[in-house]
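Hi,

Here is the structure I said I would pass on. Have a look at it first, and then read on for what turned up.

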Amino acid sequence: MESFYQFVCVFIASILFGSLTIVLVLIWVFEWREGLAWDGGSAEFNWHPVLLTIGFIVIYGLALIVYRLPWTWKFSKLYMKYIHAGLNIVAFVLVVISLVAVFDFHNAKNIPNLYSLHSWIGLTAVILYALQIVTGLCVFLLPATPAWIRKFYLPIHVFAGLFIFGMVIVAAEMGITEKLIFTLRSKSNTTRSYSQSPPEAILANTLGVFILIFGGCIMWIATHPEWKRPPEFTSMAVQIKGNKVNEERSSLKAMHANAEANIEQDAEGAVRNRNLNLEEPGQRSTF
């Protein structure tokens, strides 16, 4: 019970900080970074941090722990696989849109692509994430996949998911710092430099801290052995269906046995009646 309370506290913290990261990134882009648009300008670039925060951090993080939510254990493992895959696919779509936005912005402004460590780590995480989704769908959702392959690949799949999520957190922290350094320069006449800690810098740094805390909560939930989905719940739905089938079979067997017993009773009754008729006066045999 104490472990359950710990889980609830950490899960509530993850939801809280995940929600705050989305709120803060929206405040950042609308209050200081010209909002959102698709015009090749700075507003188009802003789709990059917004969609990555929503998809690659929050939704992806929740997808990692969806199996460990106790109130989902009543559902079959196959149903939860569909939920897990659906969340990851939604996250990946948002990531792709965010990449299109940032490349479009760079090309419109003649800014080189993929020159920073932030871009290297981020793009590597996206590529690995795509491979993770494809292999996961093929291994765990295709009925033709042998069970031994699923068993062999499962620990690799789990580790790769956590590793990619860690890469995403690192890339996000680097991206926030990179953006602040580029935009809050000392020669700018519109705002104070990053080193002077203007309000925008404080908010963006807070966003980075909240992303880190959210990532820590997700990692804690995903790696805590006591919060893993119990094995008995993995095949519960199958067991329930099997029990229903067994009950139906038992009922049919009972009905069949009763029918046979009734037939035997009818046959014995007919023989008894025939014997009784032979015992009546005038019907007896004399020797």
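Which residue forms a salt bridge with R33? It's E200, and the closest N and O atoms of the two are 2.8 Å apart. E200 sits in helix α7 (residues 199-223) while R33 is in the loop between α1 (2-31) and α2 (42-45), so the pair ties together parts that are 167 residues apart in sequence. Both E200 and R33 are buried. The structure holds one salt bridge, so bear in mind that this is a predicted model when you look at the pair.

Now the overall picture. The protein chain has nine helices and zero strands, which run α-α-α-α-α-α-α-α-α from the N terminus on. Of its 287 residues, 38% are buried. If you take the contacts between residues at least 6 apart in sequence, 73% of them join residues at least 24 apart. The accessible surface of the chain comes to about 17,400 Å², and carbon and sulfur atoms account for 67% of that.

I also checked UniProt. The entry is unreviewed, and under "transmembrane region" it lists residues 7-30, 50-70, 82-105, 117-142, 154-176 and 202-222. I went through two of these ranges in the model. Residues 7-30 are 100% helix and 0% strand, with the end C-alpha atoms 35 Å apart. For residues 82-105 the model also gives 100% helix and 0% strand, and the end C-alpha atoms there are 35 Å apart.

Next, the packing. The largest nonpolar core has 52 residues, and F56 and I57 are the ones that touch the most other members. Helices α1, α3 (47-65), α4 (77-108), α5 (117-140), α6 and α7 each supply at least two residues of this core. The largest share comes from α7, with eleven residues.

Is S193 buried or exposed? With a relative accessible area of 8%, S193 is buried, because the cut-off for that is under 20%. The side chain of S193 also makes a polar contact of 3.0 Å with the side chain of S195.

Tell me what you think once you've had a look.

Cheers

Methods
Residues are numbered from 1 along each chain as its sequence is written. This is a predicted model: local features need pLDDT of at least 70, side-chain atom pairs count only at pLDDT 80 or more; totals for chains, interfaces and linings use all residues. Side-chain values use heavy atoms; hydrogens and water are left out. Helices (H or I, at least four residues) and strands (E, at least two) are DSSP runs, numbered from the N terminus. Buried means under 20% relative accessible area, exposed over 50%, partly exposed in between (1.4 Å probe, protein chains only). Contact means heavy atoms within 4.5 Å. Accessible areas come from the Shrake-Rupley method with a 1.4 Å probe; for residues, only the protein chains shown count as cover. UniProt positions are given in the numbering used here, feature names are shortened, and annotations may be inferred rather than shown by experiment. A salt bridge is a side-chain nitrogen of Lys or Arg within 4 Å of a carboxyl oxygen of Asp or Glu. A polar contact is a pair of N or O atoms within 3.5 Å; within protein, one must be able to donate a hydrogen and the other to accept it, and residues adjacent in sequence count only if both atoms are side-chain atoms. A nonpolar core is a set of buried Ala, Val, Leu, Ile, Met, Phe, Trp, Tyr and Cys residues joined through side-chain atoms within 4.5 Å.
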